[in-house]
Amino acid sequence: MASTNDLKNGLVLNIEGQLWSVVEFQHVKPGKGPAFVRTKLKNVLSGKTIDKTFNAGVKVDTATVDRRDMQYLYKDGTDFVFMDSSTYEQLPISAETVGDGANFLLENQEAIVAMHEGQVLFVELPASVVLEITYTEPGLQGDRSSAGTKPATVETGYEIQVPLFLEMGTKVKVDTRTGDYLGRVND
């Protein structure tokens with residue numbers, strides 16, 4: 001149990017048997033009446049977000065979430081196999097749990113796997129990853145009337161938008177949260 005005064009981003013609460021992660025919180029002290037805490041909560045399993053208000057100082061039930069550093073090994077059917085970096089235990093995780101992160105997973109890549117009572121909740125990737133462009137159309141010289149972009153397929157099979165001057169074989173930095181191109185990487 002924790003107080004609403006202890007809330008922080010990323011904290012997982014157990015509300016009515018469901019796990020909710022704190023996305024935002026704000027302590028509000030109005031001129032009249034008691035203080036309260038306004039929060040935005042995201043359901044850990046479904047991804048649904050809600051706004052919830054708590055009175056200040058109220059006790060909330062926190063869930064113990066075990067975050068482990070793991071390494072992605074390979075894809076086995078529809079499951080993604082991760083290995084615990086400390087115990088070398090291998091753990092298959094379903095494609096639904098990995099979600100859009102599958103678009104940015106390369107073998108031997110590090111990730112954080114969050115678990116609650118033995119159940120995998122979500123996989124957290126680094127903010128950005130370096131991927132190689134495996135296919136893109138050649139850019140037309142002089143076609144710079146606007147900051148143009150073109151589609152490019154990266155080594156995981158995911159398609160992103162990149163500037164016209166990039167060619168196949170170029171390594172690029174990609175944001176894992178949005179799938180946006182962040183820049184070229186020089187080896």
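Guide: Let's begin at Tyr 88, which sits in the loop between strand 8 (79–84) and strand 9 (90–93). Strands here are DSSP runs of E with at least two residues, and helices are runs of H or I with at least four, both numbered from the N terminus. Please keep in mind that this is a predicted model, in which local features need pLDDT of at least 70 and side-chain atom pairs count only at pLDDT 80 or more, while totals for chains, interfaces and linings use all residues. Residues are numbered from 1 along each chain as its sequence is written, and side-chain values use heavy atoms, with hydrogens and water left out.

Although Tyr 88 is not a glycine, its phi is positive, near 60°. With a relative accessibility of 58%, Tyr 88 counts as exposed (over 50% relative accessible area; buried is under 20% and partly exposed lies in between, with a 1.4 Å probe and protein chains only). Glu 117, also not a glycine, has a positive phi of about 50°. You will find Glu 117 in the loop between strand 10 (110–116) and strand 11 (119–124), exposed at 72% relative accessible area.

Now to the sheet itself, an open one of 5 strands in the order 9-8-7-10-11 with antiparallel pairing; two strands pair if DSSP finds at least two bridges between them. Strands 9 and 11 stand at the edges with a single partner strand each, so one side of each has no neighbour in the sheet. On average, neighbouring strands are turned by 40° against each other, direction ignored (axes are lines fitted to C-alpha atoms, for helices over the stretch in contact, and angles run from 0 to 180 degrees between N-to-C directions). Strand 7 and strand 10 run antiparallel and are joined by 6 bridges. Asp 66 stands opposite Met 115 in strand 10.

Finally, the aromatic side chains: Tyr 72, Phe 80 and Phe 82 form one cluster. Rings of Phe, Tyr and Trp (its six-membered ring) pair when their centres lie within 6.5 Å, and planes under 30 degrees apart count as stacked, over 60 as edge-to-face and the rest as tilted. The count by this rule is 3 aromatic pairs. Between Tyr 72 and Phe 80 the ring centres are 5.8 Å apart and the planes stand at 50°, so this pair is tilted. Both Tyr 72 and Phe 80 are buried. The Tyr 72 and Phe 82 pair is tilted as well, with centres 5.5 Å apart and planes at 55°. Tyr 72 belongs to strand 7 (residues 66–76) and Phe 82 to strand 8, so this pair ties together parts that are 10 residues apart in sequence. Phe 82 is buried, as is Tyr 72.
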